[in-house]
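Subject: The structure to look through

Hi there,

Here is the structure I promised to pass on to you. Have a look at it first, and then read my notes alongside it.

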Amino acid sequence: MHVSLVEKSDCPQILAFIRLKAAFDEQMRGSPSVVSITLEKIEKALFGDNPLAHAILLKNEKEAVGFAFYHTRFSSFSGSPSIWLDDLFVHSAQRSNGGGLKMINALQQEAIKLGASHISWTVSSANNQGKKFYNRIGAQVERTDKTLTYYRLPIRAN
């Protein structure tokens, strides 16, 4: 498996993955997930005059099997950027094959290029497999509430 930046022609695949991720989240939470994003909105967010987000694809030798959707943030207190990981999803048949780690590693490299201090995200508190993975890679739990666990992965430049 390998990770690549999304190209405009990949946007339909990103939309399909967002819908799969919403269905996965719905199963975790037990409540409906509403997806209102369109192909046009994805294209504008990723490839418009002022891109608002970024995405990477995880591919095996045949097809895309996962994605990560993220954007940068900036802290006025620290003067440092960080990355907010909005979605990380690997197709169920491809989980536990190292793909999630490949995407996290790619995001860490992007964070190093940006001079970012950390990567942050949330995971459903019911997603035990996801939480085990994030704990295994060294992510720190910042806090939890009834439905979400908030994670932070510090970035250490080489």
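Below is what turned up, starting with the sheet and ending with the pockets.

A word on the ground rules. This is a predicted model, where local features need pLDDT of at least 70 and side-chain atom pairs count only at pLDDT 80 or more, while totals for chains, interfaces and linings use all residues. Residues are numbered from 1 along each chain as its sequence is written, and side-chain values use heavy atoms, with hydrogens and water left out.

**The sheet**

Let's begin with the strands. Seen in order, β1-β2-β3-β4-β5-β7-β6 make an open sheet of 7 strands with mixed pairing. (Helices, H or I with at least four residues, and strands, E with at least two, are DSSP runs numbered from the N terminus; two strands pair if DSSP finds at least two bridges between them.) At the edges are β1 (2-5) and β6, each of which pairs on one side only. From one strand to the next, the twist averages 25°. Axes here are lines fitted to C-alpha atoms, for helices over the stretch in contact, and angles run from 0 to 180 degrees between N-to-C directions.

Leu57 stands opposite Phe67 in β3. Next, β3 and β4 run antiparallel and are joined by 9 bridges; Arg73 has Ser82 in β4 as its bridge partner. The hairpin of β3 and β4 has 6 residues between the strands, and Gly79 in it takes a positive phi near 70°.

At the other end of the order, β6 and β7 are antiparallel too, with 4 bridges. Arg143 is partnered there by Tyr150 in β7. The loop between β6 (140-144) and β7 (148-154) holds Lys146. Is Lys146 buried or exposed? Lys146 is exposed, because its relative accessible area is 85% (buried means under 20%, exposed over 50% and partly exposed in between, with a 1.4 Å probe and protein chains only).

**A helix against the sheet**

Helix α1 lies across β2 (54-59), β3 (64-74), β4 and β5, running at about 85° to β3. Lys21 counts as buried because its relative accessibility is 12%. Not counting residues up to four places away in sequence, Lys21 touches Phe67, Asp87, Leu88 and Phe89; contact means heavy atoms within 4.5 Å.

Phe89 itself lies in strand β4. With a relative accessibility of 6%, Phe89 is buried too. Leaving aside neighbours within four places in sequence, its contacts include Phe17, Leu20, Phe24, Val65 and Met103.

Ser96 has a positive phi of about 65° although it is not a glycine. Ser96 is exposed, at 68% relative accessible area.

**The pockets**

How do we look for empty space? Rolling a probe the size of a water molecule over the atoms shows where empty space is left. On a 1 Å grid over the protein atoms alone, a pocket is an open set of points with protein on both sides within 12 Å along at least five of seven lines, and lining residues have an atom within 4 Å of a point. Grid points are joined across faces, edges and corners, and a volume is the space filled by probe spheres set on the points.

The largest pocket has about 690 Å³ of space. Its lining counts 31 residues, with Leu88, Asn127, Gly130, Phe133 and Tyr134 nearest the centre. At least two lining residues come from each of α1 (11-29), β4 (81-90), α3 (99-114), β5 (118-124) and α4 (128-136). By class, the lining has 13 nonpolar, 10 polar and 8 charged residues. (Ala, Val, Leu, Ile, Met, Phe, Trp, Tyr, Cys and Pro count as nonpolar, Asp, Glu, Lys and Arg as charged, and the others, Gly among them, as polar.)

The second largest pocket holds about 320 Å³. Of its 13 lining residues, Ile18, Lys21, Asp25, Asp86 and Asp87 are closest to the centre. Two or more of the lining residues come from each of α1 and β4, and α1 gives the most, with 5 residues.

Happy exploring!

How values were computed. On a 1 Å grid over the protein atoms alone, a cavity is a set of points where a 1.4 Å probe fits but cannot get out, and a pocket is an open set with protein on both sides within 12 Å along at least five of seven lines; lining residues have an atom within 4 Å of a point.
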